[in-house]
Amino acid sequence: MSARSTQALQTAILRSVSRSFYLSIRFLPAQLREPIALAYLLARATDSVADTSGISVPVRIETLKMLSDGIQGKASRDVVVNLIASFVPLQENMSERQLLESLPDCLSWLNQMEQADRKDIRVVLEKITHGQMLDLQRFDNPQEIRALETAADLDEYTYLVAGCVGEFWTRLCFRHVRNFARTSEDEMLALGKRYGMALQLINVLRDAGSDLRAGRCYFPEYELNAAHLNASQILSEPGRLQPIYRAWLEKAKAGLQCGIQYSRAIQNRRLRGATVLPALIGARTLALLEEAGAGVLQRTTKVPRREVRTMIWSLVISLSHRRVIDAIFSRAKL
């Protein structure tokens, strides 16, 4: 694979499929950019397959299995490319289409990675695709709103699609960055796991309305039953969900505190800035969700670009000083 193709994946395509993550990548030391960027692109590609509603759920699950086999080196690149070809024309978003078209280059890039990085990428992608397949199996009928059964199911989901990413990030950093953190690797792995789970829980809270309209309810059924509420009633009676919603919002806040603790332990200032930015955006997102109250299910909540730019400039100007991180985090929560 050519250096030009690798550069295109790291810049134009990565930027087109992610707003905040691309900004974080730019902060990273050079030795971390490639494995983290590639893992993200592969995860987004599997997510695109999982979300292609024009293809039946069984076919999507089978394709994800085959794509996972390709990433793990158990299926040939040609088999994966041929299988994905039917998904490309169904992508309405041009960035998602270009990402799927770039899968051959992504798989070639993976094969060129050094062995330890390739192994870590494969481990984290195996967990992510497992989480995506579980999601498809649980919510296989968009005409019927189904809820997860227990809080453990939601914890499992947030771990498989994001908590494991915190662990992946940690292992890479301890291997590639000298004196990465003031805290032990085991402690950083635990904090990174909770941080990743919190970021995915924020996504669940932010997208709750659109998920319900698509037949997915991530709020545990036993919690809904305790409130004498079922998943199909939530959109018409959103106020009754609020106690449950707020409880999960508080759990997300606690997870973000782990993210701040994780970030503050990092010695390298550029890496600290890259790591903390999602927590700062997440804290502001939670504040906006809390402010929206019961109306949160009827609107799309997103932190304005100008606020994100202000956070970035504050981190850059201060060289991601710990006191500045604490100050931004405090303001974001207001």
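## Contacts and burial

Among the contacts in the chain with a separation of 6 or more, 74% join residues 24 or more positions apart. The model is a predicted one. Of its 334 residues, 54% count as buried, where buried means under 20% relative accessible area.

The chain exposes about 15,300 Å². Carbon and sulfur atoms supply 49% of that area.

## Overall form

The chain holds 16 helices and two strands. Its radius of gyration is 20 Å, close to the 20 Å that the globule rule gives for 334 residues, so the chain is as compact as a globular protein of that length.

Taken along the principal axes, the box filled by the C-alpha atoms is roughly 55 × 50 × 35 Å.

## The second largest pocket

The second largest pocket has a volume of about 200 Å³.

The lining consists of Leu23, Arg26, Phe27, Arg269, Arg270, Ile312, Leu315, Val316, Leu319 and Ser320. By class, six of these residues are nonpolar, one is polar and three are charged.

Terms used. Residues numbered from 1 in each chain as written. Predicted model: local features only at pLDDT ≥ 70, side-chain atom pairs only at ≥ 80, totals over all residues. Heavy atoms only, no water. 1 Å grid on protein atoms, 1.4 Å probe; cavity = no way out; pocket = protein on both sides within 12 Å on 5 of 7 lines; lining within 4 Å. Points joined across faces, edges and corners; volume = space filled by probe spheres on them. Nonpolar A, V, L, I, M, F, W, Y, C, P; charged D, E, K, R; others polar. Helix = DSSP H or I, 4+ residues; strand = E, 2+ residues; numbered from the N terminus. Rg over C-alpha atoms; globule rule 2.2 N^0.38 Å. Buried < 20%, exposed > 50% of the residue type's maximum accessible area, 1.4 Å probe, protein only. Contact = heavy atoms within 4.5 Å. Areas by Shrake-Rupley, 256 points an atom, 1.4 Å probe, with all protein chains shown as cover.
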